[in-house]
Amino acid sequence: MSYPGMRDLKLREALIFERSREGRRGYSLPAEDLSGAESILPAELRRDELDLPEVSEVDVVRHYTRLSTYNFSLDLGFYPLGSCTMKYNPKVNEKLVRNPYFTELHPETPAKFAQGTLKIMYEMQRMLAEIGGFAACTLNPSAGAHGEYTGIGIIRSYFAKMGDTKRKKIIIPDSAHGTNPASCALNGFEVVVLESDEHGKVDLATLKSLLTDEVAGIMLTNPNTLGVFESDILEITKMVHEAGGLVYGDGANMNALLGVARPGDMGIDVLHYNLHKTFSTPHGGGGPGAGPVGVCQKLVEFLPNPFVVCENGVYSFKNSGNAMGRVRSFYGNMGVTLKAFIYILEYGREHLGETAKNAVLNANYIKACLKSYYHLKYKSDTLHEVVFDDSEMPNHVTTMDIAKALIDRGYHPPTVYFPLIVHGALMIEPTESESKETLDEFIEAMIDIAEKAKSDPENILNAPLSTAISRPDETLAARKPVLKWVKK
Amino acid sequence: MRYLPITDSERKEMLEKIGVNSVEDLFSPLPKSVLLKKELNIPSSMSEPELEKMMDKLGKENCGAEMLSFLGGGCYRHFCPALVDQMISRSEFYTSYTPYQPEVSQGTLQAIFEFQTMIANLFQMDVANASMYDGATASAEAVLMAHKIQTKRHKVLIASTVNPQYLETIRTYTSFVVDKIELLEMDPATGCVAESELAKIDSDTICVLFQYPNYFGMIENLKKISALTHEAGALLIPVVTEATALGVIATPGSIDADIAVGDGQALGIPMNFGGPGVGLFTCKEKHMRKMPGRLIGETVDKNGNRCFVLTLSAREQHIKREKATSNICSNQGLMATAASIYLATMGKQGLRDVALMNLKRADYLKKKIAAETACKIAFNGCNYNEFTILAPTDACELLKALGEKGILGGIAAKKYFPELDNAVIVNTTEVHTYEELDRFVDALKEIAGGAK
């Protein structure tokens, strides 16, 4: 057994509220007489008691340090979460963005006092457009789903300007992320589901039958969530365009193509990037991310406001009258964008394509090594990820059990039960960050699980055994929601 | 490349196992015509020392970061204890994903459960979610949620005193969903919504949305508005863009808000040119299942130990797809963690002290400007840490002259409110010393003239 497994020091930790003791302080502020200050406001505008913890600085530090040890993280080990692109988050990015000239810059600072950040924004708009094969790019969206919302909003604005009000439907393959239909619905579109064919791909005849003059476009993830590249992409985009529709690209899987091919060159009209996937910015336990959107020439005027322009070497913000509007306050998650900027420059034009090549190599290596142990519903060639399933597991061992057994062996589980078109899906995306030894150890762990499922199923069914808690009762959580701590 | 560990000989071995000759073969599903044939037009690869130099140089072009600043308007400079960044820099927090596997994510789950508790307590509301992108999108989603609750009504009322960027965002999200969006106009004497405008609240009203304190810094008296709103059967949505204000001002819960949202950037998160911050979203318990966003709930594991999980996900897009309450997934997790570490550290007394320091400075500065300079205070009423002054000349000229003295004097209101061409929105927080406030007043005196 050469996989890491788990062995750790874990201290029990109460809730921060339970550590609270009346009169304890953890802060340091200048001495100032504040007595009577509250009477600046009339009593009716003042709040009553404020229920926050009273803890010392040491309490806070111990509390969060202990909590942090309950997390599996990318810096701790292999995190093959499919579709999430858990690539290494470079330390230099973290260090350089903490420069106070960036962190202490107020968003309403006049442009002439903020040229450094504006220049980076301008360059990022340009570089991301270039990388995706687009005419322009907005940095405003704060996350992948926010990028989808924005991209579909651009499509909505385009048809509104064209006066083509009939186009109320968007086609989405059944393999798509749940955010896709939700982002369409949020923009007032009706979703038409496109069933994948036996290879897990878009079938051209099925697509043709759905393309009417009520269709605003198609939302496509390519490679799709099975890791399968839609090799008919040029025909698909041509057909949609000929029917008067637009093609939205979900850039969740852009890591498979980075520097190798460009969605814009395939006829994709709009695409959102996930800087937190493809461009190495940390996921933060669930954000902050950033979801810039690139568009083809005819959609540039509909990008949300504002954007950065450069005139005579001076950078400033501009708005467009036809823009879809504003999608948030200020200009996006700049702190995240800065990290992606540094990442792109470290790779540079010479090396950026090597990310996709190594990511695809790693995924195919895992697939080759595990395909005789785990069932593959779709036999198509895949790029950066592979989706196995539990359909041939003995002794009622399910995908959830395999996931939990991986935890005991020292790995974060893959994405499970997604895409929905594969029953009991196990979606593995290794990324380019991993070495061959890491992959080999993981493969060994997966094989061990497959064998234990036959010989010693209890070992799998009771997993995880090495974590601070065992499997939680999720039904109880939903039936009787307790969403905050209440003093007893 | 240092981030790519596979060696050439390993690559050869791996390709052999896969059964192809080259990495290029793995890309055979792509049409040949779309494979990039030339290098991308991006700069050449840079080493770590070169990156450091470049970022250092670009940083110095942001001279605004070290000027004496009175900019607010939805983003605030506050003192933040060193431990906040130290804690969120633990890579167990920042290099993990959304807590889908609760057994190995209890750190994030417990931290966010505590965040929900602290935000619910700060707002005095029943429940808070795990975060939104920012205050503007939280406001837009609050209106959409109200629209889903009030299915038979058609009109959304929004105070014209909200941050104009928030108003634009709300319009982007809702203009094609709700039939009517009407503004409640401002009383030019008070900088608050005019009393006569409240007659617009009627039985067709879905919700009434206010910024609290508003964009001009004024604290609208929501108690009366709350009663009128509820009499009409509409929902009240206060939006708190400066969360430290809740250390002292009456809470959304105390004025019987139905949904209350806001921005948590002020709670220990650097300005970062406007993002990432964290959106706050709270509501009454009865509306909980219509909330957007992630929720963390308490439960027990197989052995009866207390633990935390993502819950009520039947509202969400990965289950409900196009019928979800929103398309939002996890979003500003690490910033939510930062805000809760800030709130835990400052605690009950610390946040109150911060709020009082803000209140006191704004009061001092406001009185001193009124007494000693030719600038006037624009509106009568109460403020927290932000207020509006009227320059004797055009606001932009005043701000330009202040800029030449190394001072960012505030936001010219005319950028969004063309009729207010002399108005400047000024913010002060606990980071300012009284000497700095005096320096600002002296500069104003020099540029605009003394009091007449």
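Colleague: Quick one to start: which residue stands opposite Val424(B) in β15(B), coming from Ala412(B)'s side of things, or put simply, what does Ala412(B) face?

Modeller: Ala412(B) stands opposite Val424(B), which sits in β15(B). Bear in mind that this is a predicted model.

Colleague: Thanks! How many bridges join β14(B) to β15(B)?

Modeller: There are 2 bridges between β14(B) and β15(B), and the two strands run antiparallel.

Colleague: And what order do the strands take in that sheet?

Modeller: The order is β11-β12-β15-β14 in chain B, an open sheet of 4 strands with antiparallel pairing. β11 and β14 (411–412) of chain B are at the edges with a single partner strand each, so each has one side without a neighbour in the sheet.

Colleague: What about β12(B), how does it connect to β11(B) and β15(B)?

Modeller: Strand β11 (residues 376–377) of chain B is joined to β12(B) by 2 bridges, while 5 bridges join β12(B) to strand β15 (residues 423–427) of chain B. Both pairs run antiparallel.

Colleague: Why would you call β12(B) largely enclosed?

Modeller: Because 4 of the 5 residues of β12(B), residues 386–390, are buried.

Colleague: Which helices lie across the sheet strands?

Modeller: α11(B) lies across β11 and β12 of chain B, at about 10° to β12(B). Helix α12 (residues 395–404) of chain B lies across β14 and β15 of chain B, at about 45° to β15(B).

Colleague: Switching to the contact of the chains: how many residues does each one put in?

Modeller: Chain B gives 160 residues and chain A gives 163. On the chain B side, helix α11 (residues 333–372) provides the largest share, with 21 residues. That side divides into 77 nonpolar, 55 polar and 28 charged residues.

Colleague: Now over to chain A. Is helix α6 (residues 179–186) buried or exposed?

Modeller: Buried: 8 of its 8 residues are, so α6(A) is largely enclosed by the rest of the structure. Among them are Thr179(A), Pro181(A), Cys184(A) and Leu186(A).

Colleague: What covers those buried residues?

Modeller: The cover includes α5 (144–162), β2 (169–173), β3 (190–194), β4 (215–221) and β5 (246–250) of chain A, together with α10 (317–320) of chain B.

Definitions and conventions: Residues numbered from 1 in each chain as written. Chains lettered and ligands numbered in written order. Predicted model: local features only at pLDDT ≥ 70, side-chain atom pairs only at ≥ 80, totals over all residues. Buried ≥ 20, exposed ≤ 12 C-beta atoms within 10 Å, placed from the backbone. Pairing = 2+ DSSP bridges. Contact = placed C-beta atoms within 7 Å. Nonpolar A, V, L, I, M, F, W, Y, C, P; charged D, E, K, R; others polar. Axes fitted to C-alpha atoms, helices over the stretch in contact; angles between N-to-C directions.
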